[in-house]
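I opened the model to look up one residue first, then its chain and the contact with the partner chain. My entries follow in that order.

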Amino acid sequence: MQTQILAFIVWGTLALAVVGTYFFFLLSTRQPLEGEDYYRAVGKLRKPLLIAMLIVLSLTFGFTIGSLPYATSRDLPDRVIYVGVKQFSFLLSSQPLVSEVQMDTLGGELIEIPANSRVEFRVRSFDVNHGFGIFAPSGELVAQTQAMPGYVNRLIVTLPKEGTYSVLCLEYCGIAHHGMRASFNVFSPVTGSTQ
Amino acid sequence: MASTSISSLPLFARLWSALFVILFPVLGLLGVFMRLFQSEMLPDIEPSWFYAAMTLHGLGLVGLVYATSFALLITRLSQYVAFRPSMLYVSTGLTGIGVILLVVLFLVRFGPGWYFLYPLPFKSAGVWPEWAPHVFLVALTVLGVAWLLWKLETLRAMAKSFKFSTMLGWHVLAGKAEPSVPPAVLVATICCIAGIIALSAAVVMLVFFYYTLLTGNAADALLVKNLTFFFGHVLINLAMYQGIGVLYDVFPTYTRHQWPMTKPMAIAWNLVLLLVLFAYFHHLYMDFAQPVAVQIIGQAASYGTAIPAAVVTILGTLAHVYRRRVEWNWSSLLLFFGTMGWAVGGTAAVIDSTVAANFRFHNTLWVPAHFHTYLLAGIVLIILGGIAHFVSRAREYTLRPARLPISLLLIGAYGFVTMFYIGGLTSVPRRYAIYPIEVAHGSTLAQVALVFVALIMVGVAVYLWDVGRLLFLPSKRSS
């Protein structure tokens with residue numbers, strides 16, 4: 001939840017600053033001063049605002065661009081889970097999934113993952129665009145990727161908390177989009193427990 | 001305008017203003033239906049109606065704000081350049097045909113969402129009939145032709161009065177003050193060029209859809225997704241930019257100071273033309289098959305688009321009112337606060353365009369949060385303000401300050417979107433008719449949002465009584 005909380009606080013602070021600024025300027029019209037060129041005076045703020053935005057956005061860009069979630073060919077996971085998706089179901093399997101037929105023939109499999117291990121979800125769709133969203137036991141969205149026909153998306157994550165994780169669809173895919181779900185367990189490699 | 005007759009309001013502006021004040025509440029009610037559904041207050045209705053309503057709500061309102069903002073901008077431009085009215089009405093008529101087809105599709109519960117990701121329109125899961133995608137593609141084609149004609153006619157009309165380089169403000173960049181080009185012309189030029197590029201992408205996208213429709217073969221889903229979001233992203237941004245063109249032209253009426261084209265403004269809008277074409281990549285951050293380079297370009301371009309908006313238009317609006325004797329009324333207040341919605345929603349959009357944040361926010365309620373902020377609390381207010389200006393001038397009607405109803409609109413709009421933001425904070429997915437147990441609190445947020453919707457409805461109702469009805473009153477005889 002840390003990313004979400006930080007983003008919400010940043011947005012909330014900036015939103016309040018914007019609203020406060022707008023009302024400050026609105027109220028300033030109650031005491032108009034004729035003959036003064038305040039437009040030019042306020043316009044002088046343009047350069048500092050430009051510089052401030054360039055600095056803030058550049059720093060944010062620099063700090064965040066190193067945290068891209070994309071796997072490279074050099075990223076080697078501890079374990080690979082194959083994910084097949086179609087309207088309106090997920091199939092998580094330890095065996096490679098290459099065809100839609102396998103979605104129907106392979107049975108559901110209980111996926112157990114050791115906490116803090118690097119797991120790769122190899123996600124593909126066999127019909128339309130879907131989303132593969134991983135929700136922690138607390139209900140927090142911790143990772144996601146899209147599932148797209150004709151492509152395989154590699155999502156590598158490290159899940160530190162034990163428990164049952166839910167998978168929900170995060171791309172609108174039709175009438176039962178909201179009902180798509182799967183789950184897997186993350187257990188402690190020390191105690192073997194999911195809690 | 002000195003005439004007392006409503007006919008002095010250009011018929012074109014009156015037509016689009018009337019369409020907006022009718023269709024905005026109707027399409028908005030589809031959104032209310034969706035929040036009622038998510039609040040679990042409509043247990044006997046099938047989810048397919050939720051998704052059909054979601055599709056028409058999205059397509060309808062995006063199309064409506066895009067078309068109305070452009071119609072209002074054209075009306076302002078008609079002071080400076082001569083349009084061929086026949087072209088404008090042909091485009092309007094074709095738009096009407098497209099909209100009627102979309103309404104028919106709603107009735108058969110066609111629901112692929114407003115950006116209809118390929119190949120979802122062909123995969124109905126038994127909900128909509130087989131002919132629905134055919135009709136949908138025809139509707140999109142008709143709308144595409146209509147809006148392409150509109151853009152081309154606008155460019156033609158402006159090019160007859162101004163040199164192309166001056167339309168883009170390049171003479172100002174070179175330090176020349178003459179010829180004097182209204183900022184609305186600069187904005188319209190940028191919108192026409194970007195619009196034609198976006199509509200061209202839509203043509204290619206439609207070719208892929210027709211290819212699958214006619215041959216049964218699959219196209220490259222990632223390529224079509226890129227085309228879809230390129231088109232959709234540019235289109236919705238142009239809706240806002242076109243409104244800003246109206247703002248530049250109308251707002252000075254109430255501050256009694258001109259809003260001239262300056263060098264920063266010319267630089268800003270030329271930059272916007274470049275950046276808006278590359279920012280769309282942020283819609284595909286979660287498509288890991290995309291090259292990483294374009295994801296990085298997407299974040300850089302998205303950040304870049306915020307700068308000209310803030311430094312030129314937002315600051316310019318504030319500078320225009322500071323310690324000046326401003327005539328505050330329905331029009332000027334809505335225009336002023338419309339830019340505030342753009343700033344607040346834009347801030348959330350910049351956050352969401354950060355790949356690391358998007359990893360946690362993509363397709364959660366954070367997305368409708370930010371776009372409802374700059375649509376509902378942004379461009380919609382600007383359009384309502386623009387309509388109020390046109391109708392009041394045409395009828396020589398003095399608009400009242402309307403502080404109370406505008407306060408209700410603002411409290412309602414910001415309260416409404418705050419429920420979306422909290423939904424994003426707490427990982428509630430967007431576009432869910434029914435919330436599963438992990439995110440069951442989404443229903444509570446929808447219920448609270450409905451309280452704020454009630455405030456919006458009161459504010460809109462007062463606007464319709466004060467301003468909207470003037471569009472429909474019979475013409476007064478000129479004395």
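Leaving aside neighbours within four places in sequence, which residues is Asn358(B) in contact with? I find His282(B), Tyr285(B), Asp352(B) and Ser353(B); two residues are in contact if their C-beta atoms, placed from the backbone, lie within 7 Å.

I note the basis before going on. This is a predicted model, in which local features need pLDDT of at least 70 and side-chain atom pairs count only at pLDDT 80 or more, while totals for chains, interfaces and linings use all residues. Residues are numbered from 1 along each chain as its sequence is written, and chains are lettered from A and ligands numbered from 1 in the order in which they are written.

Entry on Asn358(B). I place Asn358(B) in helix α12 of chain B (helices are DSSP runs of H or I of at least four residues, strands are E runs of at least two, both numbered from the N terminus). Asn358(B) has 27 C-beta neighbours inside 10 Å and so counts as buried. Buried takes 20 or more other C-beta atoms within 10 Å of the residue's own, exposed 12 or fewer, and partly exposed is in between, with C-beta atoms placed from the backbone.

Entry on chain B. I count 15 helices and 0 strands. The radius of gyration is 22 Å, close to the 23 Å of the globule rule for 479 residues, so chain B is as compact as a globular protein of that length (taken over C-alpha atoms; the rule is 2.2 Å times the number of residues to the power 0.38). The C-alpha trace spans about 60 × 45 × 40 Å along its principal axes. Of the 479 residues, 60% count as buried. Among contacts between residues at least 6 apart in sequence, 83% join residues at least 24 apart.

Entry on the contact with chain A. Chain B gives 65 residues and chain A 71 residues. On the side of chain B that touches chain A, α10(B) has the largest share, 14 residues. By class, I read 44 nonpolar, 12 polar and 9 charged residues on that side. Nonpolar here covers Ala, Val, Leu, Ile, Met, Phe, Trp, Tyr, Cys and Pro, charged covers Asp, Glu, Lys and Arg, and the others, Gly among them, are polar.
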